[in-house]
Structure formats: structure tokens, C-alpha cells
Amino acid sequence: MTQITAITLKAPIEGLPTPEDFVEMARPAPDLPEGGFLARTLCFSVDPGTRSRLSAGASYAFPLKPGEVIDGFAVAEVIETRSPHFAVGQTVAMGGGWADHQVFGGRGYVQLIRDEGIPLSAWIGVLGIPGMTSWFGLHRVGQVKAGDTVLISSAAGPVGATAGQLARKAGAARVVGIAGGPVKCAWLVEHAGFDAVVDYKTTSDLDAALRDACPKGVDVLFDNVGNAMIDRCLPLMRRGGRIVVSGQVADYNTAPEDRPGLKNTAYFIAQRLKMEGLVVFDDMREFTKAQAAMAGWIKDGSLIYREERFEGLRAAPGAFSTLFTDGSFGRRIIHLT
Ligand SMILES: NC(=O)c1ccc[n+]([C@@H]2O[C@H](COP(=O)([O-])OP(=O)(O)OC[C@H]3O[C@@H](n4cnc5c(N)ncnc54)[C@H](OP(=O)(O)O)[C@@H]3O)[C@@H](O)[C@H]2O)c1
């Protein structure tokens, strides 16, 4: 019988996560239900959004209990199957966890990887949930259109950097990022095609820097960071502006009652603004269309992405915890082969 080795939650976390909050466990693979499969992990991701499941409390997903495997997205090779759709030897991208094997129970996010012209890890990055969040956040929620000014927070992250490039492809007149540190800011302008990037960590007057970077105001704010950043950007919004609430990386480690609120809500009235959040899985039926377009752009070099490579299951807790402290520069992928 196959043994599954996985990283699990030791106890609910308060504040910043540390590697000590996690524990490795081995257990036998469960019996596969009809429609399910077992797959050997090739690589998996660590995701900032996972933090919202590691404490007791409100989230759009149930909190994990001690002993449960930590969420991640995996590329894996099917080794046993009871599904008519997935054969032994096929490679899939799927919702899974920090484990050396992935179990698909017959429901949930999974897709066969058919396009072999792109590195496998991209299917859990730029062509996976982060890239789909960029696409559907920008198009379905943000209603981006030609001539818009688009402002993106955590712009050098997998979601932000992709959103900026997609905004440009949609005809945005100006694409502006907010990111931490000169290396990320330079990369966004020199390689990812952003018009301007504000370094929120070193700028002495962030409000003035944002005004200078968006002289005509902002039509679409794509926020990955949280309430304090949205509140700061509200005065920049143009009439009819759209605010995409993608993520709250600055707030995930703070108890809900201590998170900042919005004060500048008068701008919603004056500028007829809309603010909407997304859970990208709602758009799952449309993923393949977005992926086909984006895969073409990756191949012709007009859509770029970065990954940070980590080796071995035990690297996952550290790679995850430091997402919130050292910053990451690209999708963090744990490779098991
Ligand atoms: N709605 C959905 O369906 C959905 C799906 C997937 C992901 N998401 C969300 O999308 C957002 C972006 O995801 P991602 O994978 O691309 O991650 P990411 O933006 O790369 O997140 C990590 C980065 O966040 C920034 N950061 C960390 N702490 C911060 C703080 N206190 N204030 C400001 N920035 C901080 C750091 O960048 P700097 O060095 O630049 O500060 C860090 O490198 C996340 O919030 C994620 O949860 C949403």
C-alpha cells in the first residue's frame, strides 16, 4: 500500500506563521472512491491565501484542523485510478496539498495537462490559480477596457505581475504597480511592461507617489494587499472606477477585529465606484479559454512569469512562512523530483 508523507498543521496559528507551526506525518493512502485517483507529486505551490485557513475564524474556506494536510496546488502523475477521465501515466494540475502523493476524490479542481510546450510548474502558476485570478479579476470583475489606467498592489507577485501584463494586452493606457523594493520595481518596468511602479517600502510620501504615478486617476484598482491599501487608493479613483478585491496579504496574519477598515467611502458615492471580490473557482468552467490565450503569449514571449524553486517536502513550511516576511519574487514552487 502506498504511504503518503505530508506536512500538516500542528495547531491553529496566531499572527505570523513559522516553520514550527507545521509537522510532517505519514499515513497509508485511503481507498479510492469511484471517480478518484492517486497521483505522485512532481511539484506543488505554497500560497499566501492558505494563511486564512490556518486560524480558527471567518474565511471563505473552512479552517484546517490540526493533523490536516496544508493546501496547495500540485502537478502530479496518476499512478492508480478509478476514474474514466484520468489514466495511469497522465499528468494533472490539481487542488491538493503539501504531500508526496495527491488523492483526488472525484470532485474539485483538476485538469489534464495536455500542452507539453510549457514547463509543468506553470500549470500551478501563471496558467493555474494565480494566473486565472489575474484574468478573471481583471476581465470579469474589473471590466478592464482600452484606455483605462490600472493600478495593481503586490504587483511583483504571481497574480499582480500577470494582471499588469494582461491589462496591457487589454489595451490599458497606463499600468502602474505597487511593490516592495528596487529589484522588484525595476523588473516590473524593464521586463513586465509596467509604465510606473511605486516602491511602498522606501517612498517617503506614498500618497504623493501614487498621485504622481497615476496623474489621470485610476479606472481599475486590482488589490492583492488589503483594506489599508484600498483606502489609500480610493481618492485616486475616477468616475465609474472598479475595485477588484483579489487578496488581503497584509491582513491575513491579523485577527479580523484588528484589521483596518475603510474610511474614504465617500468616494464610492462621488465617483460611482464599484468594489467586488472574487473566488476564482467560480470561473472554473472558463479556465481553458483563458489558458489557451495565455499559453500562446507565454510561447511567443509576450507574457512572462517568475518562479522561485525549493527542493523537497520539508522546504514547504519555510517557503510559506517567509512569504509574509522576506517577500517572495515569483511563484514559490516546491519540487519533489
Ligand atoms: N480571490 C481569489 O480567488 C484568489 C486566488 C488566488 C490568490 N488570491 C490572492 O491574490 C493575492 C496575490 O497572490 P500571489 O500568489 O500573487 O501572492 P503575492 O502577491 O506574491 O504575495 C506575497 C507578496 O505579498 C507582499 N506582501 C507581503 N506582506 C505584505 C504586507 N504586509 N503589505 C503589502 N504587501 C505584502 C510581498 O511582496 P512585496 O515585497 O512587494 O511587499 C510578498 O512577496 C494574495 O492575497 C492571494 O491570497 C486570490
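Modeller: Let's start at D148, which lies in the loop between helix 1 and strand 8 (149-153). Helices (H or I, at least four residues) and strands (E, at least two) are DSSP runs, numbered from the N terminus. Keep in mind that this is a predicted model: local features need pLDDT of at least 70, side-chain atom pairs count only at pLDDT 80 or more, and totals for chains, interfaces and linings use all residues. Residues are numbered from 1 along each chain as its sequence is written, and side-chain values use heavy atoms, leaving out hydrogens and water.

Back to D148: its relative accessible area is 2%, so it is buried (under 20%; exposed is over 50%, partly exposed in between, with a 1.4 Å probe and protein chains only). The side chain of D148 has a partner, R242, in a polar contact of 2.9 Å. Such a contact is a pair of N or O atoms within 3.5 Å; within protein, one must be able to donate a hydrogen and the other to accept it, and residues adjacent in sequence count only if both atoms are side-chain atoms.

Now for the ligand. Helix 1 (129-141) and helix 2 (158-169) each supply at least two residues of the shell around the ligand. There are 27 residues around it, and S154, K184, Y200, Y252 and L278 come nearest; to count, a residue needs a heavy atom within 4 Å. By class, you get 14 nonpolar, 11 polar and two charged residues (Ala, Val, Leu, Ile, Met, Phe, Trp, Tyr, Cys and Pro are nonpolar, Asp, Glu, Lys and Arg charged, and the others, Gly among them, polar). Oxygen atoms of the ligand come up against the protein in several places: one lies 2.8 Å from a backbone N or O atom of V159, one is 2.9 Å from a polar backbone atom of G180, and one is 3.5 Å from an N or O atom in the side chain of K201. On its own the ligand has 910 Å² of accessible area, and the protein covers 89% of that (Shrake-Rupley method, 1.4 Å probe; for residues, only the protein chains shown count as cover).

Next, the rings. The whole structure holds 14 aromatic pairs. For a pair, rings of Phe, Tyr and Trp (its six-membered ring) need centres within 6.5 Å; planes under 30 degrees apart are stacked, over 60 edge-to-face, and the rest tilted. F22 and F320 are edge-to-face, 6.0 Å centre to centre with 90° between the planes. That pair links distant parts of the chain, with F22 in strand 2 (residues 22-28) and F320 in helix 8 (residues 316-321), 298 residues apart. Both F22 and F320 are buried. F86 and F104 have ring centres 6.0 Å apart and planes at 65°, so they are edge-to-face too. Elsewhere, ring pairs join F73, Y109, F136, F281 and F287 into a cluster.

One last stop is R306. Its charged end sits over the ring of F329, 3.7 Å from the centre, and R306 also lies over the face of W187, at 5.9 Å from the ring centre. The cut-off here is NZ of Lys or CZ of Arg within 6 Å of the ring centre and within 35 degrees of the ring normal.
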